[in-house]
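Thanks for asking me to look this over with you.

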Amino acid sequence: MIQFVLLISRQGKVRLTKWYSPYTQKERSKVIRELSGVILTRGPKLCNFVEWRGHKVVYKRYASLYFCMGIDQEDNELEVLEIIHHYVEILDRYFGSVSELRPWFIVCELDLIFNFHKYNAAYYALDELLIAGELQESSKKTVARLIAAQDSLVEAAKEQASSLSNIISQATK
Amino acid sequence: MALSGMRGLSVFISDIRNCQNKEQERLRVDKELGNVRTRFKNEKGLTPYEKKKYVWKMLYIYMLGYDVDFGHMEAVSLISAPKYPEKQVALQSIGTTNMVGYIVTSSLLNENHDFLRLAINTVRNDIIGRNETFQCLALTMVGNIGGREFAESLAPDVQKLLISSSCRPLVRKKAALCLLRLFRKNPDVVNVDGWSDRMAQLLDERDLGVLTSSMSLLVALVSNNHEAYWSCLPKCVKTLERLARNQDIPQEYTYYGIPSPWLQVSVCVCVCNFLLSVISHTFRKRKNEILREVKTMRALQYFPTVEDPNTRRSLFEVLQRILMGTDVVKNVNKNNASHAVLFEALALVMHLDAENEMMSQCVALLGKFIAVREPNIRYLGLENMTRMLMVTDVHDIIKRHQAQIITSLKDPDISIRRRALDLLYGMCDVSNAKDIVEELLQYLSTADFAMREELSLKAAILAEKFAPDLSWYVDVILQLIDKAGDFVSDDIWFRVVQFVTNNEDLQPYAAAKAREYLDKPAIHETMVKVSAYLLGEYSHLLARRPGCSPKEIFSAIHEKLPTVSTTTIPILLSTYAKILMHTQPPDPELQKHVWAIFSKYESCIDVEIQQRAIEYFALSSKGAALMDILAEMPKFPERQSALIKKAEVAEVDTAEQSAIKLRAQQHMTNALVVTDQHSSNGTPQSVGQLSLVKIPSISGDVGSSCQEHTSADQELSQANGTLATVDPQPPSADLLGDLLGPLAIEGLPGAAVLSEPNAVSGLEGVPIPADDAAAIVPVEKDTNSVQPIGNINERFYALCLKDSGVLYEDPNIQIGIKAEWRAQHGRLVLFLGNKNTFPLLSVQALILPPVHLKIELSLVPETIPPRAQVQCPLEVMNLHPSRDVAVLDFSYKCGTSMANVKLRLPAVLNKFLQPITVSAEEFFPQWRSLSGPPLKLQEVVRGVRPLSLIDMANIFTSFQLTVCQGLDPNPNNLIASTTFYSETIRPMLCLIRIETDPTDRTQLRITVASGDPTLTFELMEFIKEQLAGIPTAPRPPAPPAAPGAQPTNPAAPVAQPTNPAALTDPGDLLAGLL
């Protein structure tokens, strides 16, 4: 079972966290602090697994972001490594469709921050991918469809919040 | 565009982005948190929209890594924001509000937050409601942070969703994983009956998303109860087959051309769980224990197998296909995915009773993997090889890869180095121990600091387990200390001292080695300790060698003194004293020098050093007497290595298994593996029992094993200290005459401590003949031929009230006790008197202390000379309130018979009480302030022995409770006070009130109050025992043996106040009392 998911920037800033076991606030900060110390200092061309305090952590770097997942001792490391990649591909597809001009990882670093709604999409995608620390869906297409549905729900609500005429214009577009 | 409505949020986020440094960011965040906090405070004015906005901000701040410790309630409350199903648009708007609630709640909170419970009902309504969006949100949140309460109230609804035919896969896959979470929180929520059929149906599911989730659920269910789900096994195999052959798998579920690798992995895990849980149920072991012991079970010819031949065949075929059909390809992701499946298949083969051919294929594959360039595969190759070692007998094949594995120990990647170290540790046996340990030692000097401790521990253990000869072992450990002193725990050097002490052949060698290391310019402090110790004990064996005269050795050691810390100095002082003692004829110059050092430290601020300096100085001026006192340390009792124990606790220990095998194969004469051999000064059995008590390695050697010292030097001092205390009281002849009678003991000063003879006679015991047998617990029936004189229980109760008297007597020995109590400390002296004209041999006294007492028994001599008495002081410290009693396990040999008794020591609760008088002004406020349980307890007790108030007051006085006259207006009530002393809580005032009913004296109401709940409870029980334990009817002359009279917890059945006058009929006695 995956215990937690962390996205950490190269500078050690946390971009996303998700905990599937009950960690207290204090433990969470400790995991983040110590683990980023361990992972960010690892050189390239090493394996994607680190052992840390009885945890096994699978991580992979994409551009300036590190994706880390803490797993149990007996879990299959490669499987989790590919879950990470799967997640990245889903984000890629989503953000790619949002802004075609920039590669998605730039989107991650900037848009995730500037555009909180997009940021939320990263969470949403994760929830569609994993529940209870286990893989829920292995089809990218399905996940993408669900995020899109979610998006339209949010958009519709936002538009409604700004003005009614906006909705109408949106609908007739 | 997107968050146009939330300008405040956008502004805040760009503010944060524009912060130049962490400090600015922090200020901005604090300001925002303050703002949000104030807004939440006057919540009434908040619209749902505003609430949502602030909760978003909180999430954002939390994401930046700041603690957000408020506003959780608001987040949870968003979940239950009102819904208006009649308005579609509004619904969507509200929907997002709920969504914010769900997302923020599951990010910020964990299952232990109380107010999550508040949301259970809303969440349930969302789950059983018809709106798919809300269902999904609720299932996701519960699946991610649901706790026990959620499990209890939601499981049936979630189960329904999972098997509902009207739900879309989208909901059902979430339900499957949500149920998995709830099942993990409380396995009882899934009712096995009927559910197993449902699970089997679920495996026919067409939607691979639902199938993936359901398979994860099945993995967990199977490891809990495999039998119920056995019918799922063929379907699992079929699924695996379908995936491996890529039959009928939708395109979107293939990942880089591989049909859902995750599902394949999870099916393999599931089948493996079936096999393992069969063993774990048969052997009643947990899964991780099983993993360690699979090999043993295989040896027992017990291995579960898939019985259905068709399923079995297809499983083998599909595994074969995976093992053989996985090639290394260029694409990293494809490679990873296929290898993920391969490694899982490999694990399954290991646990499956597969043909040997398949197993050797696996080993061959692993051998290939550990040499590839791809680091992930190398890592996993090493990891799985270690696993394989545990499971099957592949030592010999794996040994072929030893060179490659040693290369991996130098890999640039620490993760891989760790795996290599583990594997080397696991594969080590007698044949390759020398190579491997030397490799580890060599690696030690270059290893990262993160690994050194583990490395040195492992090297030490392997050296101990597989040493071809002992001198090699000593070499290894000394090298270890030399190279990585900081990482060598005390256990390691204690262990080497134990071995050297117990093996005479080794002593000169070890001393010579230690001498060599002392010549090095800079050595680690641990090395100073171990060399000083060894040279102190054995340097005289080297006397003829060059550079090894006492003087030279002394100056070599003394050179190091300025560099060491205060914990080492006492060891050095002992060494000096020993060197001095061994120098025959005495060397006046050396003596002068050493004495000068002793006198220099006589005023040392460190008590330990000071005491040793003074003692050694005094002793060494005694000349010949020094010889006895500083004689060579006796051999240590054989015991399991603390290191090995540590390693066993720490992890799966494969080397241990090979060590067991090894022991069976060959009896190595000087094997370092722990043997059952009896040591010279210990009865092996009792030593074995003792090792249950946490003992540091050295302290046990003098029999005073019950202390819990932590540092070696304290232990060493203990050894020396006790030797010194025996000295002033040798069993001398002139004492013999009056030693033996009970009077000699009872007449000791302090016997008349009790000022109120009334109390004594009022309380002391009714003899309880039936308990006699129970009080002495024979180790074995035939060993206990000696019958006690007098009643042991009666003696014990008498001693609970007095401070001196006889604890035990039989035809051979009399054990007397004299005690002094001051606050939480007690000092007892045991007087062991031999009544015979021949010596008592193999005398052993062990204290089995309850957890609340810290007891240190000094050295008990092995032999008690004829008609002599020895004294053994015993220090007691009370840590916290408890009624448990310490037990003295005493045994001796008289002629051919062995006697063993277990005696309760009168270190009971009331010994730590001191009477105190309180006035009405002090009493009442205190009494009122301690209101209600657990600090104040009240109980009505019926059926007690009727006592007059005066008698009761006397009983209390004898237990150190002050009876306060006139405080209670009701003359039928009684108030008492006392102070309780213990190490952990400050002196605690205890107040007691007894209300009696003049018309029915068998009924009492007792109220006890103190500032500590445990104390209140224990005191209440104690008083009840004293007052209520006796039934009103006279006891029958020979009541059936009280079942609870075990020596360790004598509380309940033995609480009857008894009379020491040894009246035989309890009826008479009661009459006398009344």
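**Notes on contacts, strands and rings**

1. Let us start with Glu51 of chain A: the side chain of E51(A) makes a polar contact with the side chain of R419(B) at 2.7 Å. A polar contact is a pair of N or O atoms within 3.5 Å; within protein, one must be able to donate a hydrogen and the other to accept it, and residues adjacent in sequence count only if both atoms are side-chain atoms. The side chain of E51(A) also makes a polar contact with the side chain of Y379(B), at 2.7 Å.

2. Before going on, please keep in mind that this is a predicted model, where local features need pLDDT of at least 70 and side-chain atom pairs count only at pLDDT 80 or more, while totals for chains, interfaces and linings use all residues. Residues are numbered from 1 along each chain as its sequence is written, chains are lettered from A and ligands numbered from 1 in the order in which they are written, and side-chain values use heavy atoms, leaving out hydrogens and water.

3. Is E51(A) buried or exposed? E51(A) counts as buried because its relative accessibility is 16%; buried means under 20% relative accessible area, exposed over 50%, and partly exposed in between (1.4 Å probe, protein chains only). Among the residues that E51(A) touches are S415(B) and R418(B), where contact means heavy atoms within 4.5 Å.

4. Now to chain B, where β6, β9 and β10 form an open antiparallel sheet in that order. Strands are DSSP runs (E, at least two residues), as helices are (H or I, at least four), numbered from the N terminus, and two strands pair if DSSP finds at least two bridges between them. The edge strands are β6 (841-848) and β10 (897-904) of chain B. Strand β9 (residues 887-894) and β10 of chain B pair over 8 bridges, and F890(B) has V901(B) as its bridge partner in β10(B).

5. Elsewhere in chain B, a hairpin joins β15(B) to β16(B) through 2 residues. These antiparallel strands share 8 bridges, and I994(B) has I1006(B) as its bridge partner in β16(B).

6. Finally, the rings: the count over all chains comes to 23 aromatic pairs. Rings of Phe, Tyr and Trp (its six-membered ring) pair if their centres lie within 6.5 Å; planes under 30 degrees apart count as stacked, over 60 as edge-to-face and the rest as tilted. W19(A) and Y23(A) form a tilted pair, 4.9 Å centre to centre with 50° between the planes.

Note on methods: Lists of a residue's contacts leave out its neighbours within four places in sequence.
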